[in-house]
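Thanks for coming. Please look at the screen while I talk you through this one.

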Amino acid sequence: MTAPPSLEVSRLAYAYPDGTQALFGVDFRVERGERVALLGPNGAGKTTLVMHLNGILTAGHGTVAVAGLPVGKGSLKEIRRRVGLVFQDPDDQLFMPSVREDVAFGPANLGVTGEELERRVKDALERVGMLETIDRPPHHLSFGQRRRVAVATVLAMEPEILVLDEPSSNLDPASRRELAEILRGLDVTVLMVTHDLPYALELCERSLILSGGVIAADGPTRKILADADLLADHRLELPYGFAAS
Amino acid sequence: MGAGHHHRLHRPGDTLVHRLPPQCKLAAVAGFALVVVATPREWFWAFGLYAVLLAAVAVAARVPAGFLLRRMVVEVPFVVFALAIPFIGIGERVTFMGLSLSVAGLWAAWNILAKATLGVVASVLLAATTEPRLILLGAQRLRLPPMLVQIAMFMLRYLDVILEEMRRMRVARESRGFVARDVRHIPVIARSAGALFIRSYERGERVHLAMLSRGYTGSMPVIQDLSAASRQWLVAGMLPGAALAVLLGSWGVA
């Protein structure tokens, strides 16, 4: 028997309490080990979708399953271990007074203690190249460093899938490249929410376009980015001077 | 963005005093303050001995006098208040350098000045030798309600972020030609303060989501082991212990 997909979203629909419908039936799968970009214009429902992946929002209709486990009230703890969500603003993600405590927060909530906790913290920081900042307060780090520590905070939970919300936003070109190298080196499934199309092309074989609350396209990133009409239909465009061919 | 600055109260070091667990130091400072407050104001020499004890701690912690003096500025409002009492006090009066002063007021002023100064020096020493977050963790070990500790922790973490946000809003105002000159500008400042409050509130919501995403269930996990050995309690107990000995000894004499 083959392993269940890292992420399986089927017929997911959601309306906000005020009645605004954000998702209208989203269907897609992410296989284990894949790196997939979720593209879409502002207001397409990307963030709403991401909030469903670890049960912060509960589906109005349809299901989300992570490595075969459906997201639901009873499975939240395990789901949140399996789905590592990296928020857009690292100042929202890093809320503890020191890097060490911040990276330890997740695994400690899972009941990891003592030497195993220390090992996980060091290991996660090592993987993003930030081990030397372990005793520093997060607000003393540069923006790029904070984003990398934010990735470490979820890696320490040993997730099944890493979900990144706009990972390249506000990064200078060098930090952007360094983060790409780190992400490429990780052996986890990645779902990357972005409208930085070159970044998607650089990191992800496959892309989805979420537009108007449904998946409007699903295919190889290169092919999707080469289809100018498709992109234009969904308010996406490559930056000036770029061409995916 | 804020990089490389330290909390101004803390003075990093690796002395015996720095290494003591925070809960021991907190309890020691509290105990010392209680003894000081319980000392009758007429026992001048007891206060002198208390000062000597604090000086000994400062030497052990390698905290220079200049550092201590600069941080004692927080006491200034109390000093001003204390100095005013002899002038406004009632009852028997003495004349000193042409000024008519109330005797009861002079005693009250001395009482406030001596006790407040000792308390402030002890607190400054605590802050100088203990990282702010460790003070909070120590307070938690001493059974301060965890909710209060969490609130203080977040304040510690987000103070710089909020100040930076405030600075950006000021730059944005001034870039459009606004300079606060007189009272007519208060409404603008007030609206900015309101906007800052809402932004901070929204950040709070996002932080909460981030916490939930990493398995937060209402209580902070214990990450750092802060247990204190009985030897360390003994060391920390030396300050209030010695002060208590002075107090009880004086009682025998008086």
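Start with Arg203(B), which sits in helix α9, residues 186-213, of chain B. A word on terms: helices are DSSP runs of H or I with at least four residues, strands are runs of E with at least two, and both are numbered from the N terminus.

Before going on, the ground rules. This is a predicted model, where local features need pLDDT of at least 70, side-chain atom pairs count only at pLDDT 80 or more, and totals for chains, interfaces and linings use all residues. Residues are numbered from 1 along each chain as its sequence is written, chains are lettered from A and ligands numbered from 1 in the order in which they are written, and side-chain values use heavy atoms, with hydrogens and water left out.

Back to Arg203(B). Is Arg203(B) buried or exposed? Its relative accessibility is 9%, so Arg203(B) counts as buried. Buried means under 20% relative accessible area, exposed means over 50%, and partly exposed is in between, with a 1.4 Å probe and protein chains only.

What does Arg203(B) contact, neighbours within four places in sequence aside? In chain A, Asp89(A), Asp91(A) and Asp92(A); in chain B, Tyr158(B), Val161(B) and Glu165(B). Contact here means heavy atoms within 4.5 Å.

Next, helix α2 of chain B, residues 22-38. It has 17 residues, and at 1.5 Å a residue it should span 24 Å. The expected span is 1.5 Å times one less than the number of residues. The end C-alpha atoms are 24 Å apart, so the two agree.

The buried residues of α2(B) include Ala28(B), Val29(B), Phe32(B) and Val35(B). Their cover includes α1, α3, α6, α7 and α10 of chain B.

Take α10. Ala245(B) lies in that helix. Ala245(B) has 49% relative accessibility, so it counts as partly exposed. Ala245(B) and Val35(B) are 210 residues apart along the chain, yet their C-alpha atoms are separated by 9.6 Å.

Now zoom out. Chain B has ten helices and two strands. The order is α-α-α-α-α-β-β-α-α-α-α-α. Among contacts between residues at least 6 apart in sequence, 74% join residues at least 24 apart. Of the 254 residues in chain B, 35% are buried.

Last, the overall dimensions. The C-alpha trace of chain B spans about 65 × 55 × 30 Å along its principal axes. That's the tour.
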